[in-house]
Amino acid sequence: MKRCDRTTAWAALQGHFEAHGRSLDLREAFARDGGRFAALSFEAPEIFADLSKNLVDAATMQWLLELARQCGLEAQRDAMLRGEIVNPTEGRAVLHTALRAPRGAGPFSNEVHAVLDAMLAYAERVRGDAGLTDIVNIGIGGSDLGPQMAVPALQAYGRADKRLHFVSNVDGHDIAPLLQRLDAKHTLFIVASKTFTTQETMANAAVAREWFLAQGGTDIARHFAATTTNVAAAAAFGITTTFGFWDWVGGRYSLWSAIGLPIAVAVGAENFRDLLAGAHAMDRHFAETPLAHNLPVLLGLIDVWYRNFHGFTSRSVAPYHQGLKRLPAYLQQLEMESNGKCVDLDGNALPYGTSPVVWGEPGTNGQHAYFQMLHQGTDVVPVEFIAVKTPAHGLADQHRKLLANCLAQSQALMLGKSAADAAAEQAPTAAAGIDPAVLAQHRSFPGNRPSTTLLLQALTPRSLGALIALYEHRVFTSGALWGINSFDQWGVELGKALCNQLLPRLASGETQGLDASTAGLLARLTT
């Protein structure tokens with residue numbers, strides 16, 4: 001592989017950007033080319049993607065594809081899928097794709113399907129247990145964000161007699177109010193921790209166990225389960241029902257593993273298998289489709305174009321489906337923990353930016369919050385719209401309003417509004433006596449702001465699986481071009497280590513040896 005800035009394609013892209021890319025105007029591009037939408041629309045399993053409102057032309061895409069080839073993207077992809085060591089700092093393979101491969105079709109298939117079968121059988125027993133009405137998943141990071149995103153997304157496939165809850169924050173304000181609403185006799189706790197040592201998770205698990213016993217609970221074996229590789233620690237805690245996974249399953253890629261137990265409880269074994277099948281279909285698309293039509297590759301290439309040539313530092317994700325309300329938070333970890341790196345695989349400092357800031361809210365809520373900045377702010381922020389054609393409810397008029405808003409926002413970002421057009425309009429809320437020319441400037445929009453629209457026919461287990469896998473492979477693509485390790489997360493470790501050093505000081509009040517700021521704050525908190 002070759003780092004992107006050391007290729008001839010990178011230099012060509014720089015020249016292309018200065019000559020044409022910087023000044024590309026989407027309105028002019030559509031006016032010139034009646035086939036632009038068709039040329040820049042792509043289909044992948046369960047997903048239709050309109051890339052035509054992005055700041056790219058045919059030459060941009062050709063050079064980006066050449067960049068991918070010169071960086072050895074296909075070879076890097078194939079090495080990951082074969083199970084080679086692609087996480088060199090931890091000496092690990094990266095095989096979340098094996099978790100959703102059909103039986104006999106992926107690495108470690110026997111082990112994967114043995115755990116999957118046992119987990120799904122247990123999930124069905126829980127679903128059939130009328131005495132268990134509330135299921136509480138206790139985890140954090142990848143052991144929380146995936147299930148917490150997927151369960152509401154698939155609410156239409158859930159059961160009214162099973163309520164799923166998620167506790168992640170070590171802040172007692174997270175778990176305490178929940179416990180007040182629960183009945184120990186009817187509650188199952190799932191403790192999700194790969195090592196069974198995660199500070200926040202184990203603190204919350206201890207609180208849950210103490211509460212359970214204080215409420216008269218006696219059968220921990222029935223009311224607690226664990227998804228962990230540390231069976232001995234779980235047993236010492238009192239948990240006898242455990243489901244494990246492997247060191248080649250990264251936390252932010254783990255919802256396909258035993259970490260997905262709360263999803264399986266919520267939607268059932270068959271629907272969980274459909275979730276895996278949708279992801280596997282996208283895996284095959286990523287592995288087999290030529291780069292020029294490979295949707296995760298194309299999205300990853302555009303991410304590089306925006307981050308390193310246009311200098312855009314963030315991307316907003318706007319799912320126009322309430323079920324996807326937790327998707328932006330999930331994608332924050334997936335992308336920023338994966339690609340928020342400043343050195344390449346050889347430990348050399350990078351001379352270019354890597355992960356953008358990923359953020360967002362569901363439409364139409366975001367329109368009444370931050371879209372003002374997207375339309376008229378000083379920074380250009382690419383937006384990703386996600387729309388679902390067929391809703392799971394019967395409120396047809398509301399769904400039409402939702403879809404109209406989604407289409408209107410991407411159209412408005414592209415078209416904008418000139419000062420002349422603004423001056424010709426009535427503005428009922430304008431201040432009396434304001435200079436019309438001044439008002440027109442306030443009411444004009446620059447336009448030419450890029451967006452991508454992803455369309456799903458319906459939000460089903462299969463389409464959700466495909467959507468998540470699409471984002472996983474997109475992140476891999478940009479990370480491969482940047483020459484970084486997308487699969488470690490050392491940036492998480494320093495804060496943990498310092499926390500463990502500070503914890504006893506919060507009991508003792510000892511500040512010796514601390515920097516002045518930390519010492520001053522600790523003193524305020526302990527005196």
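Guide: Cys342 is exposed, its relative accessible area being 60%; exposed means over 50%, buried under 20% and partly exposed in between, with a 1.4 Å probe and protein chains only. The model is predicted, so local features need pLDDT of at least 70 and side-chain atom pairs count only at pLDDT 80 or more, while totals for chains, interfaces and linings use all residues. Residues are numbered from 1 along each chain as its sequence is written, and side-chain values use heavy atoms, with hydrogens and water left out.

Visitor: Is Cys406 buried or exposed?

Guide: Cys406 is buried, with a relative accessible area of 2%.

Visitor: How many disulfides does the structure hold?

Guide: A disulfide is a pair of cysteine sulfur atoms within 2.5 Å. The structure holds 0 disulfides. For Cys342, the closest cysteine sulfur is that of Cys4, and at 15 Å it is too far for a bond.

Visitor: Which residues of helix α5 are buried?

Guide: Helices are DSSP runs of H or I with at least four residues, strands are runs of E with at least two, and both are numbered from the N terminus. In α5 (residues 73–82), the buried residues are Leu73, Gln76, Arg77, Ala79, Met80 and Leu81. Their cover includes α4 (58–70), β3 (85–87), α13 (269–288), α14 (295–310) and α20. After α5 comes Gly83, with a positive phi near 90°.

Visitor: At what angle do α13 and α14 pack?

Guide: Axes are lines fitted to C-alpha atoms, for helices over the stretch in contact, and angles between N-to-C directions run from 0 to 180 degrees. Angles under 35 degrees count as roughly parallel, over 145 as roughly antiparallel, 65 to 115 as roughly perpendicular and the rest as oblique. Here the angle is about 70°, with the axes of α13 and α14 8 Å apart; the two helices are therefore roughly perpendicular to each other. Contact means heavy atoms within 4.5 Å, and Met282, His285 and Phe286 of α13 meet Leu295, Pro296 and Val297 of α14.

Visitor: How do α15 and α20 pack?

Guide: Helix α15 (residues 327–339) packs on helix α20 (residues 461–482) at about 25°, and their axes lie 10 Å apart. That angle makes α15 roughly parallel to α20. Residues making the contact include Leu327, Tyr330 and Leu331 of α15, and Leu467, Ile468 and Trp482 of α20.
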